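Dear colleague,

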Amino acid sequence: MVRLPWNGQHWPGRWADGVPTFRFRDAPPGLVTRRQLRARDMCPGGVDWVAQIRWSRGRRWAALYRLDTAKQSPGATTAQLQALWKANRALRTCAACGQFTDYRLPASNGRRCWPCDQTTTPTDPTT
Ligand SMILES: [Zn+2]
């Protein structure tokens with residue numbers, strides 16, 4: 001359990017690199033990645049990221065920003081963003097569970113999301 005410094009809430013996670021660290025899809029509500037912020041037409045609003053998620057045994061990570069301190073992005077319009085979002089949708093929809101992810105799914109595993117890839121990878125019969 002870690003105590004979130006900004007609201008005192010306790011959440012399953014650990015403390016790493018000086019920030020609260022969560023497993024993939026385990027982040028507390030109110031925290032979003034940079035991409036999720038952008039999808040909402042928002043920017044961090046000058047506030048640095050406050051936590052991180054780590055997955056792929058710690059090899060991949062993403063910064064998490066507080067949604068409550070984020071600001072509406074003055075840049076791209078929602079229409080532009082939605083066009084982009086649609087173009088990326090096929091690349092980000094899991095072929096196994098149909099869930100929309102906030103990262104691009106690799107064609108090498110048949111475009112499956114991380115949890116699906118973990119649970120449905122066929123076991124090697126030679127091992
Ligand atoms: Zn999936």
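**Two domains**

The centres of domain 1 and domain 2, taken over C-alpha atoms, are separated by 20 Å. Please keep in mind that this is a predicted model, in which local features need pLDDT of at least 70 and side-chain atom pairs count only at pLDDT 80 or more, while totals for chains, interfaces and linings use all residues. Residues are numbered from 1 along each chain as its sequence is written.

Domain 1 covers residues 2-72 of the protein chain and domain 2 covers residues 78-120, with bounds that come from an automatic or database domain assignment. Where they meet, seven residues of domain 1 are in contact with five residues of domain 2, contact being counted if the C-beta atoms of two residues, placed from the backbone, lie within 7 Å. On the side of domain 1 that touches domain 2, helix H1 (residues 34-39) gives the largest share, three residues; helices here are DSSP runs of H or I with at least four residues, strands are DSSP runs of E with at least two, and both are numbered from the N terminus. That side of domain 1 is made up of three nonpolar, two polar and two charged residues, where Ala, Val, Leu, Ile, Met, Phe, Trp, Tyr, Cys and Pro count as nonpolar, Asp, Glu, Lys and Arg as charged, and the others, Gly among them, as polar.

**The sheet**

Five strands form an open sheet with mixed pairing, in the order S3-S4-S7-S8-S5, and two strands are said to pair if DSSP finds at least two bridges between them. S3 and S5 are the edge strands, each pairing on one side only.

Going through the pairs, strand S3 (residues 14-16) and strand S4 (residues 19-23) run antiparallel and are joined by three bridges, with Arg14 having Thr21 in S4 as its bridge partner. S3 and S4 form a hairpin with two residues between them, and Asp17 in the turn has a positive phi of about 55°. S4 also pairs with strand S7 (residues 51-55), this time in the parallel sense over three bridges, and Arg23 stands opposite Arg54 in S7. The hairpin of S7 and S8 has four residues between the strands, with Ser56 in the turn showing a positive phi of about 55°.

**The core and one tryptophan**

The largest nonpolar core has nine residues, including Phe22, Leu37, Ile53 and Tyr65; such a core is a set of buried Ala, Val, Leu, Ile, Met, Phe, Trp, Tyr and Cys residues joined through C-beta atoms within 7 Å. Strand S5 (31-33), S7 and strand S8 (60-66) each supply at least two residues of this core.

Trp85, finally, lies in helix H2 (residues 78-92). Trp85 counts as partly exposed because it has 14 C-beta neighbours inside 10 Å, given that a residue is buried if 20 or more other C-beta atoms lie within 10 Å of its own, exposed if 12 or fewer, and partly exposed in between, with C-beta atoms placed from the backbone.

With best wishes
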